[in-house]
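Let's take a friendly walk through the charged side-chain contacts of this model. Have the structure open and follow along from pair to pair.

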Amino acid sequence: MTSLGGTDLIDWNLAVSTASRIARPGPEVSRDEAREVVAELRRHAQASERHVRQFTGMDTGAADTPVLVVDRPGWIRANVAGFREVLLPLTAKMRERRAAMPGGTALTAMGSKVTGIEVGMLLSFLSSRVLGQYETFAPPSPDLPGGDGLVPGAGRLLLVAPNIVHVERELDVHPHDFRLWVCLHEETHRTQFTAVPWLQDHLKSEIQAFLLEADVDPATVLERLRQAAQSMTGRGGGEERSESDPGLGIVDLVQTPRQREILDRLTAVMSLLEGHADFVMDGVGPAVVPSVGEIREKFTKRRQTGAGRLDRALRRLLGMDAKLRQYRDGERFVRTVVEQAGMAGFNKVWTSPNTLPTKEEISHPERWVSRVRPAGS
């Protein structure tokens, strides 16, 4: 495994080894069946690219990012590399502050081990739930199949085969239809970032700016990371908090008006990206996924019930509203704008950071249309 460094405030190597060791095994499949699933997911990912481009009118040009079909340990390794990449400025700042403290180096070493274990437990929990993702901040990873050819600064599409098989069996839906349906959603995210070259750097800079604005000591940040991990893995020692008691999360690091502004922008852009993926998935679905109605009904119910604990934990960590508001409000924003301005009018959202919707405009799509649509059009 590629070394992830030993001077970070989080021991990433320990996080990977911990998560990989305790990750739950996937569903039982034969060797031939596993090969068939991987091959089909690759075919569906390729077909989805064409479907998404035709439906959205978004041009990815010559941009090409890899599609990796991975198991749970593979997802863990890929995400640790991405997390470390986006957190580099914050960990560097915290390392400098800790180095100036008496005994700071020893405290950092001990803290990084503890945090590495907790983050590993969090990743283990998530590794059994994620069906796929476009990994936006992915550095090259020689230990992943095809990952060593990744262009620095580019992303990659991950499809977690055992989780897709697990959910299709759990929902009792048509396997081939479900696999294509999942690929349509994840391919939409890949299209968003490959067709909009500035989006990746914009999102990364917003996240890093938010974190760097936090003026707290390293021990406090590490403790909050541990508590967030414990709350998501159910190791907090108490009963799960209610929706009205969100607990600790990133929002607890908000200390300045600038941080609040950044968090509002991040909430808006994530709602846009997720809502757009849901809109495209449902728009393309009826033409290419015969059982899309059944899949959507069962999957939505699963989101609200079976997978609700994970969703609540993620929203708690990010300080966002309950009941899948990102997906619901984001999809409603996209649908309303397309109805009022057409797909070409909606695609103006990708022009620049200035044309992204604000948090208020996500809730009031007509205000975005009035702001962005030229007068008289």
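Start with Glu-360 and Arg-367, whose side chains meet in a salt bridge with an N to O distance of 2.3 Å. Keep in mind as you look that this is a predicted model. Glu-360 is partly exposed, at 49% relative accessibility, and Arg-367 is also partly exposed, with a relative accessible area of 39%.

One of the links here is between Glu-49 and Arg-190, where the closest N and O atoms are 3.5 Å apart. Glu-49 belongs to helix H2 and Arg-190 to helix H6 (residues 175-195), so this pair ties together parts that lie 141 residues apart in sequence. Is Arg-190 buried or exposed? Arg-190 counts as buried, because its relative accessibility is 5% and the cut-off for buried is under 20%.

Stay with helix H2, which spans residues 31-56, and look at Asp-32. Its partner is Arg-35, and the closest N and O atoms of this salt bridge are 2.4 Å apart. Asp-32 itself is exposed, with a relative accessible area of 53%.

To place these pairs in context, a search of the whole structure finds 17 salt bridges.

Conventions. Residues numbered from 1 in each chain as written. Predicted model: local features only at pLDDT ≥ 70, side-chain atom pairs only at ≥ 80, totals over all residues. Heavy atoms only, no water. Salt bridge = Lys/Arg side-chain N within 4 Å of Asp/Glu carboxyl O. Helix = DSSP H or I, 4+ residues; strand = E, 2+ residues; numbered from the N terminus. Buried < 20%, exposed > 50% of the residue type's maximum accessible area, 1.4 Å probe, protein only.
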